Amino acid sequence: MTLGAYRRKRDFSRTPEPRGGAKSSQGRRFVVQEHAASRLHYDFRLELDGVLKSWAVPKGPSPDPGERRLAVQVEDYPIEYGAFEGTIPKGQYGAGTVGIWDLGAWAPVGDPHEGLKRGHLVFELVGGKLTGRWALVRIRGRADKSGGKNWLLIREGDAPLGQDP
Ligand code: MN
């Protein structure tokens, strides 16, 4: 579990958010939470290795393959956060309301650990709103001023039947 950064930012006597630490599951859930903080954004989370790998997507995911959405990787969140909806009080980290925008199952295409490491994670989503093949691609080089935190969330076009590699 790598929840140190998550926990350090929060006072669990003041925020209703989960501290985390329940038995980690080995599932493949995904969740997107709409977070009306100081700026509205969407938190995109993929369950992997007992935590939720997390990205803040300012404009939210787009179903249009031509629309690449900035996705800023943030600290890992506890699995329990995937069920969280509520209001984070004023003065606390991320103050504002959190609601579940979509959830479902995800499946990596290839080795997800390798994908995260090399900055190109491809996966399928089966959710209520989001389906099909998606990719998270890390922005590199001079275009990147985030120290590797900035990724793009991209809806990949579905290959025609029978032509899927
Ligand atoms: Mn957030």
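What share of the contacts in the protein chain with a separation of 6 or more comes from residues 24 or more positions apart? The share is 51%, where contact means heavy atoms within 4.5 Å. The model is predicted: local features need pLDDT of at least 70, side-chain atom pairs count only at pLDDT 80 or more, and totals for chains, interfaces and linings use all residues. Residues are numbered from 1 along each chain as its sequence is written, and side-chain values use heavy atoms, without hydrogens and water.

The protein chain holds two helices and nine strands. These are DSSP runs (helices H or I, at least four residues; strands E, at least two), numbered from the N terminus. Their order from the N terminus is α-β-β-β-β-β-β-α-β-β-β. The radius of gyration, taken over C-alpha atoms, is compared with a globule rule of 2.2 Å times the number of residues to the power 0.38. For 165 residues a compact globule would have a value near 15 Å, and the protein chain agrees with 16 Å. Of the 165 residues, 44% are buried, meaning under 20% relative accessible area (1.4 Å probe, protein chains only).

A manganese ion is coordinated by His35 (ND1), His41 (NE2) and Asp43 (OD) at 2.1 to 2.3 Å. Donors are N, O and S atoms within 2.8 Å of the metal (3.2 Å for Na, K and Ca); water is not among the atoms, so sites may look incomplete. Along the chain, the donors follow the spacing H-x5-H-x1-D. His41 and Asp43 are both buried.

Conventions. Buried < 20%, exposed > 50% of the residue type's maximum accessible area, 1.4 Å probe, protein only.
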